[in-house]
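Hello,

Here is the structure we discussed handing over. My notes on it follow below.

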Amino acid sequence: MSVRTSKEYPNLMPNAVNVLALFAHPDDAEFLCAGTLALFAARGARIHIATLTAGDCGSTTLPAARISNVRQKEASRSATLIGAQYHCLKSKDLLVFYDRAHLNKVMELVRQTNPTLVLTHSPVDYMIDHETVSRLCQSACFGAMAPNFNTGARRPAPPLKAVPHLYYADAFGGRDILGHRIKSGISVDISATLKRKEEMLACHESQQAWLKSQQEIPETVATMRNMAKAAGKQAGFRWAEGFRQHLGQGFPPSNLLQELLGSIVR
Ligand SMILES: [Zn+2]
């Protein structure tokens, strides 16, 4: 189901805008950037949501294969709410490494989805899987144009024609492992899509019990709303998602997020 509503969103984008949200675990994208993804979907962009793992450690009661199966279904259902396609790269929780095998998978995904804009984890985060995905994503975006990087795929996608614009979502909780606050550089007003973000997060029913027992997060949607409120406060919006742009050598320096979404980005 698509949420494209040209009346509500007059500035529809050309269909050539592909957005890839690449995160470590099912539900990360929903917490960190689903409001922004819904804004892009409503404007006609093609959205891909990918996770490195199927979330095999996210249960105290179900075995790994069962919870992986449940969580992939939850992630697919969530993606469907904005007409997005879900991809799982089938790595294991806590075993996401910066190595050749992982970079091959991530590079192949980046080439297949041919993104204009990529959203991923903060390079500094509370969890090493998240930080590793951030580094893998950075390398894949940088190297996806290089024809000599062979991913070993049976039917490899062609190299990209340009390095995509890369944005890092705020770290969960907005702090690094030493408790220091990480300030967003760019804020997106998600007031128009907060409800959709809530619906997407609510698809991850299996995580309610897990986050309560493991991280003392009592209620996922309420936690997400608190995060969106805090991010909004930084930028003068009611609800927001925060990002920082990768501006290192070789990456496009223009703020495409703002060019595409307009004044709801500060
Ligand atoms: Zn995660």
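**Findings**

D27 counts as buried, because its relative accessibility is 7% and buried means under 20%. The model is a predicted one, so please read what follows as computed from it, by definition of a prediction. D27 is found in the loop between β1 (18-23) and α1.

In one of them the side chains of R71 and D27 meet, at 3.9 Å from N to O. R71 is in helix α2 (residues 64-80) and D27 in the loop between β1 and α1, 44 residues apart, and the pair links distant parts of the chain. Both R71 and D27 are buried.

Another salt bridge joins the side chains of E205 and R77, with an N to O distance of 3.8 Å. Here too distant parts of the chain are linked: E205 lies in the loop between α5 (194-202) and α6 (207-215), R77 in helix α2, and 128 residues separate them. E205 is exposed because its relative accessible area is 56%, while R77, with 41%, is partly exposed.

The side chains of K197 and E241 also form a salt bridge, 2.6 Å from N to O. K197 belongs to helix α5 and E241 to strand β7, so this pair ties together parts that are 44 residues apart in sequence. K197 and E241 are both buried.

In soluble globular proteins, nonpolar side chains tend to be buried together. The largest nonpolar core in this model has 48 residues, and F40, I47 and I49 are those with the most contacts inside it. Helix α1 (residues 28-42) gives the largest share of this core, 10 residues. Another core lies apart from it and has 24 residues, including L22, L109, A144 and F251.

What does I47 touch, not counting residues up to four places away in sequence? The list is V19, L37, F40, A41, I82, A84 and Q85.

**Q245**

Q245 is in strand β7 (residues 240-245). With a relative accessibility of 13%, Q245 counts as buried. A polar atom of the Q245 side chain lies 3.4 Å from the backbone oxygen of P252. P252 is also among the contacts of Q245 once neighbours within four places in sequence are left aside; the others are H165, L166, Y167, I186, P253, S254 and N255.

**Surface and loops**

L94, L95 and F97 make a nonpolar surface patch of about 310 Å². L94 is placed in the loop between β3 and α3, and F97 lies in the loop between β3 (85-91) and α3 (100-113). Is L94 buried or exposed? At 58% relative accessibility, L94 counts as exposed. F97 is partly exposed, with a relative accessible area of 43%. The phi of L94 is near 70 degrees, which is a positive value in a residue other than glycine.

H180 has its place in the loop between β5 (165-169) and β6 (186-189). H180 counts as partly exposed, at 47% relative accessibility. Leaving aside neighbours within four places in sequence, H180 is in contact with G174 and R175.

Regards

Technical notes:
Residues numbered from 1 in each chain as written. Predicted model: local features only at pLDDT ≥ 70, side-chain atom pairs only at ≥ 80, totals over all residues. Heavy atoms only, no water. Patch = residues over 30% accessible without salt bridge, like charges linked within 9 Å, V, L, I, M, F, W, Y side chains within 5 Å. Areas by Shrake-Rupley, 256 points an atom, 1.4 Å probe, with all protein chains shown as cover. Salt bridge = Lys/Arg side-chain N within 4 Å of Asp/Glu carboxyl O. Helix = DSSP H or I, 4+ residues; strand = E, 2+ residues; numbered from the N terminus. Buried < 20%, exposed > 50% of the residue type's maximum accessible area, 1.4 Å probe, protein only. Core = buried A, V, L, I, M, F, W, Y, C linked by side-chain atoms within 4.5 Å. Contact = heavy atoms within 4.5 Å. Polar contact = N/O pair within 3.5 Å; in protein donor to acceptor, adjacent residues only side chain to side chain.
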